[in-house]
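Keep the picture beside you as you read.

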Amino acid sequence: MSEVAAPPSTTTARVNRAAWYAGSVLAAFLVGGIVIVLLGLNPVVAFESVITTSFSTGFGFVETLHKWVPIVLCAYAFTIPLASGKFNIGAEGQLLVGATAGVALGITGSDLPPLLLVPAVLIAGVLGGAVWSGIAAFLMVRFGVNEILSTVLLNFVAFELIDYVASYVWPDRGAGHPATIPVGENAMLPGFGEPAVHAGVLITLLLSVAIGLAMRSTAAGFELRATGANPRAASVHGIRTSRLTAGGMLVGGAVAGLGGAIEVAGVHGNMLEGMQSNFLILGIIVGLMARGNAVAVPFVAFGIAVLEVGASAMQRSAQVPIEVVLIVEALILLFLMLSDVLRSKLGSRS
Amino acid sequence: MNEVVGFLALVIPAMVPFVLAAQGTILSGRAGVFNVSQEGVMVLGASVGFLASFTLGGNTIGLLVAAAAGGLVGLILALATTALRMDQFVVGLALYFATLGLASLLYRVIVGVTLEPPLIELLETYPIPLLSDIPIVGEVLFDQDLVVYFAFALSFGLWWFMYRTSAGLRFRSVGENPKAADSLGVNVFRTRVWATVAGSALVAMGGAYLPMVYTGTFTEGMVAGRGWLVIALAFLGGWRPHYVVAGAAFFAGMDVLALRAQVADIAIPHQFVMMLPYVATLIVMIFAFRWARQPGFLGNNYDRESRLSG
């Protein structure tokens, strides 16, 4: 699992690595382009809309920022436990339970003033997500249950849970698809500018800085990374590894839960089936592309948000199925890892 | 009585996707390769199996093409983790994403968006002469489609191979202690490659069975987490082919129960019934991880030149 982290680097090694990574991204797009040509469509038109949609209009850019938020948060939900060597594949379940908690408070507490209700909704989301990953953390530490399995299975439980909440507890009968009634106006995150960017973007930005600092410069961050690098050595040196890995899972779930609450209070205004979109997969892709590096996560996530917003535009402009972009993203990931292997092989030979 | 027989007769085919995919998981796992791309490979198998069956005609061809597609994915995983020693989980996850995308893409390109989904013929049952005449047992076990018989024969064959042949003993040693296996002259890499290719082919066949026995068409959500449950099943069965069959019966029973409860008019909201397989698996895993054994070198790559390998 230590292979997930990139090797330590000097300046020349960094430039070298950047060149290899750029090559990997290009190679993935090249394969995607070949697929598009094989479909009998125009790859130039397709990739032009993939790359430019986010930057050609204000709406496109705001949409990209709004997509960026859950992707970053799901990526942290994956990378924070990963630092201690644990795979959290449950970000979507944690996001949905966070959204459920947020929507519950937003509906029942709609009389409260915004100054009170908005933070309460977000905190509810954080707690909801932490409870959900906490189940997996407890099973892992107490009974040794593999965390990949428990977090994935809890996703499926969460799908049914939100379906129940949206069909029986606060159903919106007119929606024609499982969805809750809207939260009160006072629960909504304030927006800035025109077209409006919701405050969740700012919160995510600040949180990214905080997580980056915490992972690099605090004792907890160091111990988390030490546990991931060599659990036995860490425990010999007095780090309580099981408490730490459980803590990593809890924080990861909390961050995903926050993402769910922000989606409710910033984007949808209610909770609806399918709101988790493909954020789990994108979060994992981002986390792996960033090699678990907390500082790199927001930047990589922005790139992926651009691709995702561009993907739907591509489907409209070039009739290329949206799945091509998912395949390109998976290929970027594979080629990045491949480039590390090839680089070290070539390096050791010269 | 009839009610019970009818229920059991439904459980048997519901076991097939679990049995095939879990035996595939075990096959690669016993060689030390922990495949986590099952969910995606099963969706790919369902898509490719349906499409091949629809365009070329015939479910047998569909199953074979699905197996070939799964084998190809397995080959990528095997080469990446043996020759290149890339992280097994990470490559597995990347392949999960890629196969998920590929499955939808292929369906979209070949079938497109239609009001009425195209249908393939469901698998026919072939009652086995004499055996199917046995009361109850015959109806439950010997009046099924050919894939059911194949899945059970395969499970028996795998058990025989692993525990009753010397080749099987050498095979298992690769997943337990590759360095020891290597020093005895077992080709660790070659064993891992074929086990992963064959295993992934079986996983894809497990997916391809779904449209052929339930819906007659492909939908994106039809695998519904079975690929992940199968990994749980492998742990639960201690990575042994015979225990896995018993575990598959439990998962299949849950499946049929959840389907039945959805149709039947009961007081509990159906969402809670649908949660049942996942919650039950979580609870069972608490016990499974206490007693079940797993291959000693599962999930780790073998490096001949490293002192840490084995």
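Before we start, two parts are in contact when they have heavy atoms within 4.5 Å. This is a predicted model, in which local features need pLDDT of at least 70 and side-chain atom pairs count only at pLDDT 80 or more, while totals for chains, interfaces and linings use all residues. Residues are numbered from 1 along each chain as its sequence is written, chains are lettered from A and ligands numbered from 1 in the order in which they are written, and side-chain values use heavy atoms, with hydrogens and water left out.

**Exercise 1. Describe how domain 1 and domain 2 of chain A meet.**

Step 1: find the domains. Domain 1 of chain A covers 10–41 + 320–350, and domain 2 covers 58–319; such bounds come from an automatic or database domain assignment. The centres of the two domains, taken over C-alpha atoms, are 27 Å apart.

Step 2: count the contact. Domain 1 of chain A brings 15 residues and domain 2 of chain A brings 15 residues.

Step 3: look at the area. The size of an interface is often given as the accessible area lost when the parts come together. Here buried area is the accessible area (1.4 Å probe) that two parts lose on being put together, summed over both. For domain 1 and domain 2 of chain A this is about 1,400 Å², with 70% from carbon and sulfur atoms. On the domain 1 side, A:V320, A:E329 and A:L333 give 41% of the area buried against domain 2 of chain A, more than any other three residues.

Step 4: look for charged pairs. A salt bridge is a side-chain nitrogen of Lys or Arg within 4 Å of a carboxyl oxygen of Asp or Glu. The rule finds one salt bridge across the interface of domain 1 and domain 2 of chain A. A:D340 and A:R291 form a salt bridge, with their closest N and O atoms 2.2 Å apart.

Step 5: name the elements. Helices (H or I, at least four residues) and strands (E, at least two) are DSSP runs, numbered from the N terminus. Helix 1 (11–38) and helix 13 (323–349) of chain A are the elements that give two or more residues to the side of domain 1 that touches domain 2 of chain A. Helix 13 of chain A gives the largest share of that side, nine residues.

**Exercise 2. Describe the contact of chain A with chain B.**

Step 1: count the residues. Chain A gives 45 residues and chain B gives 44 residues.

Step 2: read the area. Chain A and chain B bury about 4,000 Å² between them, and carbon and sulfur atoms carry 81% of it.

Step 3: find the salt bridge. There is one salt bridge between chain A and chain B. The side chains of A:E323 and B:R108 meet in a salt bridge at 3.2 Å, N to O.

Step 4: name the helices. Helix 5 (114–143), helix 6 (147–169), helix 11 (279–289) and helix 13 of chain A each supply at least two residues of the side that touches chain B. Helix 6 of chain A gives the most to that side, with 14 residues.

Step 5: sort by class. Ala, Val, Leu, Ile, Met, Phe, Trp, Tyr, Cys and Pro count as nonpolar, Asp, Glu, Lys and Arg as charged, and the others, Gly among them, as polar. The side of chain A that touches chain B has 34 nonpolar, five polar and six charged residues.

**Exercise 3. Where is the cis peptide bond that joins A:E194 and A:P195?**

Step 1: the cis peptide bond between A:E194 and A:P195 has omega of about -10°.

Step 2: A:P195 is in the loop between strand 1 (191–192) and strand 2 (197–198) of chain A.
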